[in-house]
Amino acid sequence: MKRKNLAITLAALAAFVAGGAQAQNEQFIPANGYWVGPYAPGGSGFFGGIIDYFQMLNTRDGGIGGVKLTWEKCETEYNNARGVECYERSKKHPPTGASVIHPLSTGITYSLIEKATADKIPVISMGYGRTDAADGRVFPYIFPLITTYWSQNTAVIKFIGRKEGGMDKLKGKKIVNLYHDSAYGKETLPVLDVQAKKYGFEVTHIAVPHPGNEQQAQWLEIRRIKPDWVILRGWGVMNPTALKAAARAGYPRDKMVGEWWSGAEEDVIPAGDAAKGYIAAAFNLPGTSFPAMQDVVKYVYNKGKGDLDDKTRIGSIYHTRGVVAGIITAEAIRDAQAKYGKKPLTGEQVRWGIEHLNIDDKRLKELGAVGLMQALKVSCMDHEGGGAVKFLQWDGKKWNVITDWISSDQSIVRPMIEQSAAQYAKEKGITPRDCSKES
Amino acid sequence: MNWAFFFEVLIGGLLAGVMYSLVALGFVLIYKASGVFNFAQGSMVFFAALTFVSLTERGMNLWVAMAVTLGVMVVLGIVIERVVLRPLVNQPPITLFMATIGLTFVLEGLSQIVWGSQPHGLELGIPDVPMEWLSKSANINISQFDLFAAGVSGVLVAVLAVFFQKTRIGRALRAVADDHQAALAVGIPLQHIWAIVWAVAGFVALVAGLMWGARNGVQYSLTFVALKALPVLILGGFESIPGAILGGLIIGASEKLAEVYIGPYFGGGIESWFAYVIALLFLLVRPEGLFGEKRIDRV
Amino acid sequence: MLYREAGQFKTTYAEDQQIFPIRQDRIAMALLLVVAFVVVPMIANQYWLAAILTPFLILALAALGLNILTGYAGQLSLGTAAFMAVGAFMTYNFVLRMPWLGIIPSLVLAGLCAAGVGIAFGLPSLRIKGFYLAVATLACQFFVLWVLQRVGWFSNHSTSGVITAQKIVILGYEFVSPASKYLFTLAVVAVMALAAKNLMRSQTGRAFMAVRDMDVAASVIGIRMMGTKLLAFGISSFYCGVAGALYAFCYLGTVEPEAFSLDLSFRVLFMIIIGGVGSILGSFLGAAFITLLPIILSVLSGAFSHVTGIEISYAVLSNFELIVFGGLIIFFLIVEPQGLARLWQITKEKLRLWPFPH
């Protein structure tokens, strides 16, 4: 019996070392995500969205330029080591190897920066990851697309300023930054401090230790400070707990602004009524009314395919975020195909496509994604490309959009990004690319 | 010094401590009866709460759901005794501890396969908001729900105490806890007793799961509440029910006071280790915990 | 038959006390080293080197460290990942701030720093035992990570507290390719494993074991309790610290303190219990089991749905892997509570006669 098991194991390993099924006209994109553990709702929703969109393209258009999209899931458990293993496993997948990676974890993104750059595989960390990677001169293969944490943070402050009736009204206001005590949570401390100095408000950073399922002390402190606004920078269970704790401390929920990893249905539903009135930022809107989402429903779910087990999640924040990621990935491949021809592309070629992404309003309309996402223009200098966010308010049942796109303040963010990227380049001995020489 | 605020922190901390005790109780029960440090208690909390909330979401009455969940936990306890513990009788404690970690994986996978990994809200009908008269008159915010949870824990401890002191099974349990072999010799069926203990621990897990679930929502992270219970355990002693309660109160209060009054000087977030350090310092004075059984080393 | 030591006579004490007294063991060991150092880098592809073998070796080293403490000296610890974090962050700082030092001295110094932290947090072991001690070492786990996050110096004031490991350079040679990183790791691990094996045969090792088996009796026969226990903590943390540094420098590349979370401590503990408490070989077997099993399961489940064509939701599959993983741990504990090393020993005993049972 044991020997038989061993034989099967060896056979499977051999097949897998040799490289599985033979693929010809296929573009491989790994889906290294997480479907178990505390962050499973985020991982399964996001990758559900990407895969659904690819599936839709395959069914509706027969792939991109006649090249079918394929993917393979790998469980990272939101764990650095497993993430690296999945990356190594996926990168040699036939025919061209992994052509682009969405790590969906700030930690894994950090671990992949050097590896992916060396292997020439682009990493898209859409709305997470290393902020200063937006400086494409130092980080040619890393794309924190749409908005970075810092950009988003300036938009949040702008939103608060607007609510207060003008940026000059921010003077003397008290803002608490309640953050998850991790690399992810700490990322926005410096940019908030800079803005506090610029606008004259007072910011208090309060750390919540992982996992954040007990926040009484933090909220007592908030009660003592009596801030005008609380910025919630949580992840996983920390979000509903913060909302509940706010209710217990008698803090008004409509004075709490979450960032986009604190603003999904999964973050507010567990908090029940305590979440009513809570505001969160978003770079993608929920819903199934967009033509692109309609197509996903029509060509994928109505045919009984679809990656989400729970059909009620179609059109939820994480799901549409995944669809947006799918759109961006597909557009990058399309752009790269225009340059390199309609064939399976390598990571290096797709990287060129991402760097030359230009999804303007006209293109958004063709894609059926007007309102689902914002226009995006990436360049060698700027690996971010968008920068604007909308704000949503939870009414107990669904998210309602309460603003238009609020752009970030690049006059604050960009110098900080360049300084930080320059320090990284110096530490690692990287000579930044000369963007005027890039085609 | 703002005394109203100080008392708010203190009382809030004590009540939070009660929540820790609820989880710690489950550990204590099993350790007392079988000497197993059951790491799977956190997953049992998650499993129980998830089963309960999924049943109610499918339209089941609150009390029926509770009864069904309790039934499931009892069955689970019996199965664990059969499959995991019985073959491991007489193994060193670390092996048993390890087995319960293996059990953790099984339980977590199982509950997510059966019920999915989506988070759920849980309303028990007691709003988790400050009591108005108190915040108006004394400017102290105390949540109604916390008081309710404290009441539930009180009742739970009382029931467990009566169960242990007055019933036949309870006496058998204590006998087993004192000396397995002697208990066997006087004809106490060891295996039944262990199954019962695990079932009771399952019941405690259900209660803890309901309380924590109503507080933070029912999701995978419920398994992490076990970490909150560990310092309580070493402070109170692994074998003592009153120790679990008292340890919870001490840990809860001191942790909150430290985070609020000392934390800001160190950049906050000291809660993550402060409870352990208190427990550690305490252990240096009394190595067997507050109410733990004194160990006598014989050569 | 294959493993019979009949005919191998020991004529001197030195021969009798050598590290592998049986000839077959010596041959096997030499073969193993040749395979690991020469054959593997030649035949293994990048995925195997970078994603499986290197982390396996590193975690085996960490497990070895914990095994010295838990398996030999009998002190249960859940702070392994914290010691690894100290090693990783200190190596980063030594290389950053004293670049003239070179990587090996930096590794050693960082290991010594980890040892210092280990000794400090080992102090309670003089009074606390068993699970109480285990939970007390959790204080170390959480405290150390907190300090690494709070004090900007450790991460060179990086905004998010993340460090990026520098290149490993020895005498101008840069260890960049997966094969070179693997060889570097292997060399460190081999040297340290040999040192551990020898240490455990020495007076110190025997003192550890005496403390483990019965501390009161050990102190009666004149073993100093304090020195011995603290030394065990120190040596163990040194090993863990070096392992942590390798984890950052040869495997992950860029790490945040959370990479060294409690989960990792538990993983290492699994390794020594599954592999065999109090066995050098066990540390390696356990590390192989714990690092490889999830990967094999995930590959197998992928192959399963590929071959059979049955479409199972990936979430169910992932969860099922968890169940199988937990189930196998329980299964192995029931079948052989003393770990895989014990199974190996039984195999060896069987091999003395096999295939001629009479």
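# Exercises on a predicted three-chain model

Between chains C and A, the contact takes 30 residues of chain C and 35 residues of chain A, two residues being in contact if their C-beta atoms, placed from the backbone, lie within 7 Å. The model is predicted: local features need pLDDT of at least 70, side-chain atom pairs count only at pLDDT 80 or more, and totals for chains, interfaces and linings use all residues. Residues are numbered from 1 along each chain as its sequence is written, while chains are lettered from A and ligands numbered from 1 in the order in which they are written.

## Exercise 1

Describe the side of chain C that touches chain A by element and by class.

Step 1. Elements giving two or more residues are helix 3 (46-72), helix 10 (225-252), helix 12 (280-308) and helix 13 (314-335) of chain C. Helices (H or I, at least four residues) and strands (E, at least two) are DSSP runs, numbered from the N terminus.

Step 2. Helix 12 of chain C gives the most, with 6 residues.

Step 3. The class count for this side is 16 nonpolar, 12 polar and 2 charged residues. Here Ala, Val, Leu, Ile, Met, Phe, Trp, Tyr, Cys and Pro count as nonpolar, Asp, Glu, Lys and Arg as charged, and the others, Gly among them, as polar.

## Exercise 2

## Exercise 3

Characterise helix 10 of chain C by its span, bend and burial.

Step 1. Helix 10 of chain C has 28 residues and reaches 38 Å from its first C-alpha to its last, close to the expected 40 Å; the expected span is 1.5 Å times one less than the number of residues.

Step 2. A bend of about 25° is found at C:L246, taken as the angle between axes fitted to the seven residues ending there and the seven starting there.

Step 3. Of the 28 residues in helix 10 of chain C, 22 are buried, and the helix is mostly covered. A residue is buried if 20 or more other C-beta atoms lie within 10 Å of its own, exposed if 12 or fewer, and partly exposed in between, with C-beta atoms placed from the backbone.

Step 4. After helix 10 of chain C comes C:G253, with a positive phi near 90°.

## Exercise 4

How do helix 12 and helix 14 of chain C cross, and which residues make the contact?

Step 1. The axes of helix 12 and helix 14 (residues 340-353) of chain C come within 8 Å and cross at roughly 115°. Axes are lines fitted to C-alpha atoms, for helices over the stretch in contact, and angles run from 0 to 180 degrees between N-to-C directions.

Step 2. Helix 12 of chain C contributes C:L281, C:G282, C:L285, C:G286 and C:F289, and helix 14 of chain C contributes C:L340, C:A341 and C:W344.

Step 3. The class count for this contact is 6 nonpolar, 2 polar and no charged residues.

## Exercise 5

Is B:G77 buried or exposed, and what does B:G77 touch?

Step 1. B:G77 lies in helix 3 (residues 62-85) of chain B.

Step 2. B:G77 counts as buried because 23 C-beta neighbours lie inside 10 Å.

Step 3. Not counting residues up to four places away in sequence, B:G77 touches B:A195, B:W198, B:A199, B:A201 and B:G202.

Step 4. B:G77 and B:A201 are 124 residues apart in sequence, and their C-alpha atoms are 8.1 Å apart in space.

## Exercise 6

Step 1. Buried residues make up 56% of the 299 residues of chain B.
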